[in-house]
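Trainee: I'm new to this one. Could you walk me through it, starting with a loop?

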Amino acid sequence: MELLNSIKKTMGGEAKLAQVVTEIKVEATKEIKSVANKIKLGHVHLSGCTGCLVSMADNNLGLIKILDDYADLVYGLTLADVRHIPEMDVALVEGSVCLQDHESVEDIKETRRKSKIVVALGSCSSYGNITRFSRGGQHNQPQHESFLPIGDLIDVDIYIPGCPPSPELIRNVAVMAYLLLEGNEDQKALAGKYLKPLMDLAKRGTSGCFCDLMTDVINQGLCMGCGTCAASCPVRAITLEFGKPQGERDLCIKCGSCYGACPRSFFNFDVMEEFENINEIIAGALK
Amino acid sequence: MIEDPYLGKYITCVSARSTDKEILKKAQDGGIATTLMVYALEQGIIDGTIVAGEGDRPWEPRPFVAMSREDILKARGTKYSISPQISWLKEATRSFGLDKVGVTGVCCQMQAVRKAQLYPINMRDVPGKVAFTVGLFCMENFPYKSLQTIVEDHAAQSLNSVKRMDIGKGKFWVYTERGNVTSLPIKATHKYEQPGCHVCLDYVSNLADISTGSVGSPDGWSTVFIRTKKGNEIWSKAVAAGLFETKPIEDVKPGLDLVTKLAKEKIDKNRKTVEERKTFGVNKALRDPYA
């Protein structure tokens, strides 16, 4: 936490400590923001590229605010000086699990045992993503060959797909997880509604692919050619031909973003219709 | 704030027409979307906007990022085929370097924008950079080959010769450059609709900042719903700047009743479709996108 404190000082984050979030429609009072009620947040790093963590840090002052008022970072290889996985409210797990790496296998099991909510942060953790293409043979542990998304070894509560996941989605989930665990009844209800589709994604499965758009959207008669899938594809494998997605399947890294982003994978009207309020709530919470 | 089960949330609703003669020359109706986007661009509210321009084939729309008045004007008029506007949403913030992005599009595309803002899955920077959205009324859309079938087979006109298409008074109208006017009953076009439209539960772009369409207003005018704080601010300033003639929606014929009637028709029919999908097979359901 020393590092974060110094970041906070240099960025003038401390001056904002006393501010009360007045614009939150569902009011967060000062009491529930006291240190005692901060949630315990951890970042568990398995076989990933650290891009997800960088994305989390790309919330800039938003992250500092979250760590000031809503969450304590109790575990994180690069950011917290803690050796063993502690009890956590929310564990953000980055990367897939290498079956040949005993430590990783133990870490993910321990994470599940010690966390209330396990979040698969990013596509490697959710769907395997690029690590699906491993064939082993890499110096200096050539036997490290088999990589699985964490959902194949433990129950996962929430997916944040993306390669890397958007900073804004990580932020939204962090704020909503806080409201779910520490908020009042209204806040809990809102957070529950918001998080449900991401929980449903976690129940849906551990494989993501452009093919999902074919099997679960187009084949199901649901595609209306909005183009969202193409925008969400990190490798530009998707183009729209005559208004329908075509995937260059050799380019697809199996990150599952296109399906998650598609308005016809999930669309919860009760949340979406409140977009103006929710955007204000999140902006207010991070002010 | 008015909350209507079919027309969504809105602050006010008016009938309006652009005062810009150049825009009106090729606008579908009142030139609202084009005028608003040009105004937003000139005022620095947006740096650019995603619009439906011209594709390779006649009457094939293609989305592009317009960053000048000339470019926005290229997108005037309705093209009755699929233009995947949102495919440029992230690219607009990246390759195009826009900090304030405008989006014009139909109902489902407004839904896509809001989902990208609230659940930005691989949509980095998008949530904060969507600055202004104008949504269009939309009953259904046609794949390009469907449009070709309607115009070339049913209306017996070459797509190359068509000057304007319109849907109104129960008919699909085709106007050619040489003055021919052909129409066919809208009923005949239903089977060519894109299937994805049949589960759509929005008619008047409930999630846009401002939504607009011809229904409810007299010829040459548009019905305009002002929905969000941002939309309200931009609309008020644009009206004050003299960019629109407006009339209270209560004073025009056919008025809001027709909008409500059509919205109800579409949404009720599609709700029924969503219901029927649940028991489509024998003990097998089709996927419910809203579950």
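Trainee: Where is the place of A:Phe242?

Mentor: Look at chain A of this predicted model, between strand E8 (238-241) and strand E9 (244-247). Helices (H or I, at least four residues) and strands (E, at least two) are DSSP runs numbered from the N terminus. A:Phe242 sits in the loop between E8 and E9.

Trainee: Is A:Phe242 buried, partly exposed or exposed?

Mentor: Buried means under 20% relative accessible area and exposed over 50%, with partly exposed in between (1.4 Å probe, protein chains only). A:Phe242 has 37% relative accessibility, so the word for A:Phe242 is partly exposed.

Trainee: What is the phi of B:Asp125?

Mentor: B:Asp125 lies in the loop between helix H5 (107-118) and helix H6 (126-129) of chain B. Although B:Asp125 is not a glycine, its phi is positive, at about 75°.

Trainee: Which residues touch the most other members of the largest nonpolar core?

Mentor: A nonpolar core is a set of buried Ala, Val, Leu, Ile, Met, Phe, Trp, Tyr and Cys residues joined through side-chain atoms within 4.5 Å. The largest one has 125 residues, and the ones touching the most other members are A:Ile150, A:Met176 and B:Leu89.

Trainee: Which helix gives the largest share of this core?

Mentor: Nine residues of the core come from one helix in chain A, residues 167-182. That helix is H6.

Mentor: On ground rules, residues are numbered from 1 along each chain as its sequence is written, and chains are lettered from A in the order in which they are written. Local features need pLDDT of at least 70, side-chain atom pairs count only at pLDDT 80 or more, and side-chain values use heavy atoms, without hydrogens and water.
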